[in-house]
Amino acid sequence: MFETVLIANRGEIALRIQRACRLLGLRTVAVYSEADRDSAHVRMADVAVCIGPAPAAQSYLNQAALLFSAEETGADAIHPGYGFLSENAGFAEKVEADGRVFIGPNADTIRRMGDKIAAKQAMQAAGVPCVPGPSEPITSDAQEAHALAAALGYPVMVKAAGGGGGRGMRVVKDAGELDAAIAITAEEARNAFGNPTLYIEKFLDHPRHVEIQVLCDQHGNAIHLGDRDCSLQRRHQKVLEEAPAPGVPRDAIGKLGLRCVEACRQIGYRGLGTFEFLYQDGTFAFIEMNTRVQVEHPVTEMVTGIDLVRAQIMVAMGHALPWRQSDIVLRGHAIECRINAEDPSTFIPSPGTVTRFDLPGGPGIRVDSHIRAGVAIPSSYDAMIAKLIAHGTDRDEALRRMEIALSETVIEGIKTNKDFHRMILTDDHVRSGGPTIHHLENLLKRTEMSLSPKGTPNG
Ligand code: ADP
């Protein structure tokens, strides 16, 4: 049990966690950088502590400052949110060593799932289908790597065991590219993640990204809360998500969900987690597990009616899950648009002061945001400023509600990708459901071509 939660994050997720804490009668401690002094999460917390200057390395990633703030404010639990230290096993270990609860799985599980090779091995042992390719690292023997790639058949993907955030992976089209791809990716991985270990897997050329949400308590109970489709991506970053995944047979999701639940039992998982899969030609292939709350969790909340963050905190407190698998029923359809402060055509971040911020409303509409008019958006962090979520009795209604919500949204003072979302929603393939992970990039290329004077790509 705990009574005070320090929220080691900022922005909309810090507010989201605060709301769940308040619902449970827990005291909240906000931490903030100098750039976030006037943020909503600071204003609304019971206690707020400045932990350093704007750069994340000196504030939201400053483990000593966070641990010290927890000590000073009497926080007996730390919620890491997503990003920052949420999947940092060393931090989770320190929190627990200080006698506090880390709201997430234990450090060993975070470490194991954070290593994509170890995660793949654990999934294979639990019978979860994986992307074809060995669950062993590439050795320094170049001939061996060539033999592996040839056996899989080109194109293959070279991926960093410690990769994340869409970085540390490279598509290799033929044998001539393999040596260079291995050298460059290993170097990138060493610099970005401190771990140059790589592995090879088959590159799937027309998959969808479908993921399964799980929730486990500390008493051996585990359930899944259905699926999400996050195929609309730009540079491996999700742009628009929905639940459930349109057109994927429900019995296949049910079976996959049970496999994920079984894997959770085998690895002794606790808390919220997401199993990410590529789905191609009717087959699922595991790519990685995220051991934290995800940006797109609201679409699952809308279709299940379950407050996932509240449930996550409750299982961290030691409560048993109040639901069995048969209690989880998906109702209707939900879509989320990530609204970013960025130029809609170049995608370059657009920090600055928001002069107007009119939000949509009405049945089935939810907005998760920490922004209001007058707030300055710092350049130091992720550009996401709001999540618009639309729920409907079916996908058509959810789509229509999202279009209306986007048309009602007025944001001035900075540039946003709002109109990019409106464009996406007019696309036939998006409307019919089930585009692949490459669809959005292809759509962008086509739009660029049609915008440029001679019908050729500009720039
Ligand atoms: P990260 O941890 O950086 O998010 P993931 O392993 O989850 O990396 O992959 C991110 C995205 O990269 C996927 O959603 C998918 O778009 C693409 N991807 C990853 N592995 C493959 C693969 N084997 N074939 C095709 N695309 C892939």
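These legends go with a set of close-up views of one predicted model.

**View 1**
Start with the shell: 22 residues surround the ligand, and the closest are Lys 159, Gly 166, Glu 201, Lys 202 and Glu 288. Sorted by class, this shell has eight nonpolar, seven polar and seven charged residues.

**View 1. Side chains facing ligand oxygens.**
Glu 288 puts a polar side-chain atom 2.7 Å from an oxygen atom of the ligand. Lys 116 has a polar side-chain atom 3.0 Å from a ligand oxygen, and for His 236 the corresponding distance is 3.1 Å. As for overall cover, the ligand has 550 Å² of accessible area on its own, and the protein covers 96% of that. Which elements give two or more residues to the shell? They are strands S6 (156-164), S7 (167-172), S8 (198-202), S12 (271-280) and S13 (283-290). S6 gives the most, with four residues.

**View 2. Domains and the ligand.**
Why does the ligand lie between domain 2 and domain 3? Both of these domains give residues to the shell, so the ligand sits between them.

**View 3. Helix H11 and its two ends.**
H11 covers residues 308-316, and seven of its nine residues are buried, so the helix is largely enclosed by the rest of the structure. The buried residues are Leu 308, Val 309, Ala 311, Gln 312, Ile 313, Val 315 and Ala 316. Just after the helix comes Gly 318, with a positive phi of about 105°.

Pro 155 belongs to the loop between helix H7 (142-152) and S6. The bond from Ala 243 to Pro 244 is cis as well, with omega near -10°. Look for Pro 244 in the loop between strand S11 (237-243) and helix H9 (250-267).

Arg 235 has phi near 50°, a positive value in a residue other than glycine. You'll find Arg 235 in the loop between strand S10 (222-234) and S11. Is Arg 235 buried or exposed? Its relative accessible area is 60%, and the cut-off for exposed is over 50%, so Arg 235 counts as exposed. Asp 281 also has a positive phi, near 50°, again in a residue other than glycine. Its place is the loop between S12 and S13. With 62% relative accessibility, Asp 281 is exposed.

**View 4. Thr 4 and its polar contact.**
Thr 4 lies in strand S1 (residues 4-7). Its relative accessible area is 5%, so this residue counts as buried. Which side chain does Thr 4 meet in a polar contact of 2.9 Å? The partner is Arg 27, joined to Thr 4 side chain to side chain.

**View 5. Asn 340 and Val 239.**
Asn 340 is part of strand S14 (residues 333-340). At 16% relative accessible area, Asn 340 is buried, since the cut-off is under 20%. In sequence, Asn 340 and Val 239 are 101 residues apart; in space, the C-alpha to C-alpha distance is 9.3 Å.

**View 6. Cysteines.**
How many disulfides does the structure hold? The count is zero. Cys 21 is buried, with a relative accessible area of 0%. Cys 50, at 32%, is partly exposed.

Conventions. Residues numbered from 1 in each chain as written. Predicted model: local features only at pLDDT ≥ 70, side-chain atom pairs only at ≥ 80, totals over all residues. Heavy atoms only, no water. Near = heavy atom within 4 Å. Polar contact = N/O pair within 3.5 Å; in protein donor to acceptor, adjacent residues only side chain to side chain. Areas by Shrake-Rupley, 256 points an atom, 1.4 Å probe, with all protein chains shown as cover. Nonpolar A, V, L, I, M, F, W, Y, C, P; charged D, E, K, R; others polar. Domains from an automatic or database assignment. Disulfide = S-S within 2.5 Å. Buried < 20%, exposed > 50% of the residue type's maximum accessible area, 1.4 Å probe, protein only.
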